[in-house]
Every structure is written in structure tokens, then in C-alpha cells.
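Hello,

Here is the structure I promised to pass on. Please open it alongside this note. My findings follow below.

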Amino acid sequence: MTFDDQEHLERDPLIDQILISSAEIQRRVAELGREISVEYRETVPILVSILKGGVVFHADLMRRLSVLHEIDFLSVSSYEGGTQSTGVVKILKDLGNSITGRDVLLVEDIVDTGLTLQYLREILNARHPNSLKVCTLLNKVDARQVDVPLEYVGFDIPNEFVIGYGLDYDEKYRHLPFIGVMKG
Ligand code: IMP
């Protein structure tokens, strides 16, 4: 655990514990970057990040890629400021460019019920990309309600509400350099 992680933990009484330290995240992101660079060595993929939660992971992951790539952003809302999935997903901001015929890698912060991802796969596949794969930093295996393929997973985590490294609780805590668990 780095000093920064510890400092955040001590400062905020609502953070219960660090689940994945910033050092562990950085190590894993580097590994994922190497694997993804091998897979996409003969193409120029588009890394599509899901705002806002996926943006921190996206920014770190792209700097670990050794292949040329483009980036784009999609904003969806599925939660209404709490910790419960509503299952309702709406597009707040669409992609800037066409993905038809392109190799798309969807970069997600977390797959929980899988409902958001299932919906996103449907709307993106309808635009006929050459390929559509998913890279998620976190995977809440036991919370899954629908079966969605995940090509790259950073960490499998228990079914707890987590914050940090892009993930929020009521729009806050995205800045934490680690993945933490809130006090219940
Ligand atoms: P799903 O549709 O249930 O898979 O949820 C996907 C979205 O819910 C993620 O992209 C997050 O924005 C949010 N989410 C799910 N679990 C958590 C969590 O533990 N902390 C913060 N946000 C979460």
C-alpha cells in the first residue's frame, strides 16, 4: 500500500478499507495493456470509454498500449445517485465517430448486473463494427443477472459497493487512486 492510499484512508471516515491498492491496479493495467497490444497489433482499434466511471481506467490503459489507437466516449446513466441498479440505461452522450467496420474495445470500470453492458453491446453491434470486445477493470461475478462476454478482466471482486479509481458514490470519490469499500 502506498502512502497516498493510506493517507486517503485515514482522512475519510466513510472509507472502510482498501480492496485493491493503487500499486496493484497499476501492475494489472500494465499487464492488460501488453495483452491488448498483442491482440490489436495489426489494426487500429477504437477504445470506447464509458463516462464517467471508465475514464480513469481508460486514461491509464491507453498509456500502456504500444499500438496506435483512437479513443471515443459514450455516456450512459444506469444509477440514480444511490447504490442500487435500476436496470434503466439511457444514452446521455453518443460516440463522436462511426464504428462501422472498426475494431472496438469497450473500456468499462465495472460489470455488476451486466445490464448496462448487455444494452451497450446491442446498440454498438447494430452499427456493425468489425469486432466488439470488452475490457473491464472490475468484475462482480456474483452480482451478474445476464450473461455477457468479457474478453479482458482486471480483477474479480466480491459483491460489495466499491468506490475510487473512477467509481463514484453519489458522484463523489472518483479521485481515489485505489478501489475501496465504503462503511456499511
Ligand atoms: P450494471 O449494469 O449493474 O452492470 O452496472 C454498471 C454500472 O453501474 C457501472 O458502470 C457503474 O457505473 C455502476 N456500478 C455498479 N457497481 C458499482 C459499484 O460497486 N460502485 C460504483 N458504481 C457501480
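**Salt bridges**

A search of the whole structure turns up eleven salt bridges. Bear in mind that this is a predicted model. Side chains of opposite charge can pair when their charged atoms come close.

Start with Lys52 and Glu171. Their side chains form a salt bridge at 2.9 Å, N to O. Lys52 sits in the loop between β2 and α3, and Glu171 in the loop between β8 (162-163) and β9 (179-182), so the pair ties together parts that lie 119 residues apart in sequence. Lys52 is partly exposed, with 46% relative accessible area. Glu171 is also partly exposed, at 45%.

Next come Glu70 and Arg102. Their side chains meet in a salt bridge of 3.1 Å, N to O. Glu70 belongs to strand β3 and Arg102 to the loop between β4 and β5, so this bridge ties together parts 32 residues apart in sequence. Glu70 is partly exposed, with a relative accessible area of 34%. Arg102 counts as partly exposed too, at 22% relative accessibility.

Then there is Asp112 with Lys140. The side chains meet in a salt bridge at 3.6 Å, N to O. Asp112 is in the loop between β5 and α4, while Lys140 is in strand β6, so parts 28 residues apart in sequence are tied together. Are these two residues buried or exposed? Asp112 is buried, with a relative accessible area of 16%. Lys140 is buried as well, at 5%. The cut-off for buried is under 20%.

**The ligand**

Lys140 comes up again here. There are 18 residues around the ligand, and Thr113, Gly114, Thr116, Lys140 and Val162 come nearest.

Which side chains have an N or O atom close to a ligand oxygen? Please check these two:

- Asp109: a side-chain N or O atom is 2.9 Å from an oxygen atom of the ligand.
- Thr116: a side-chain N or O atom is 2.4 Å from an oxygen atom of the ligand.

Val162 uses its backbone instead. One of its polar backbone atoms is 2.6 Å from a nitrogen atom of the ligand.

**The sheet**

Now the strands. Six of them form an open sheet, in the order β4-β3-β2-β5-β6-β7, and the pairing is mixed. β4 (90-93) and β7 (152-157) stand at the edges with a single partner strand each, so one side of each has no neighbour in the sheet. From one strand to the next, the twist averages 30°.

Strands of a sheet pair through backbone hydrogen bonds, either parallel or antiparallel. Which sense do β3 and β4 take? Strand β3 (residues 70-77) pairs with β4 in the antiparallel sense, over three bridges. Within this pair, Val76 stands opposite Ile91 in β4.

Two helices pack on the sheet. Helix α3 (residues 55-62) touches β2 (46-51), β3, β5 (103-111) and β6 (131-140). Its direction makes about 155° with that of β2. Helix α4 (residues 115-125) touches β2, β3, β4, β5 and β6. The direction of α4 makes about 165° with that of β5.

**His58**

Look inside helix α3 for His58. At 1% relative accessibility, His58 counts as buried. Its side chain makes a polar contact of 3.3 Å with the side chain of Ser49. Which residues does His58 touch, leaving out those up to four places away in sequence? They are Leu47, Ser49, Ile71, Asp72, Phe73 and Val107.

**Leu9**

Last, helix α1 (residues 3-11). Leu9 has its place there. Leu9 is buried, with a relative accessible area of 19%; the cut-off is under 20%. Setting aside neighbours within four places in sequence, Leu9 is in contact with Ile15, Asp16, Gln17 and Ile18. Now go along the chain to Gly180. Leu9 and Gly180 are 171 residues apart along the chain, yet their C-alpha atoms are separated by 8.8 Å.

Best wishes

Technical notes
Residues are numbered from 1 along each chain as its sequence is written. This is a predicted model: local features need pLDDT of at least 70, side-chain atom pairs count only at pLDDT 80 or more; totals for chains, interfaces and linings use all residues. Side-chain values use heavy atoms; hydrogens and water are left out. Two strands pair if DSSP finds at least two bridges between them. Helices (H or I, at least four residues) and strands (E, at least two) are DSSP runs, numbered from the N terminus. Axes are lines fitted to C-alpha atoms, for helices over the stretch in contact, and angles run from 0 to 180 degrees between N-to-C directions. Contact means heavy atoms within 4.5 Å. A salt bridge is a side-chain nitrogen of Lys or Arg within 4 Å of a carboxyl oxygen of Asp or Glu. Buried means under 20% relative accessible area, exposed over 50%, partly exposed in between (1.4 Å probe, protein chains only). A residue is near a molecule or strand if one of its heavy atoms lies within 4 Å of it. A polar contact is a pair of N or O atoms within 3.5 Å; within protein, one must be able to donate a hydrogen and the other to accept it, and residues adjacent in sequence count only if both atoms are side-chain atoms.
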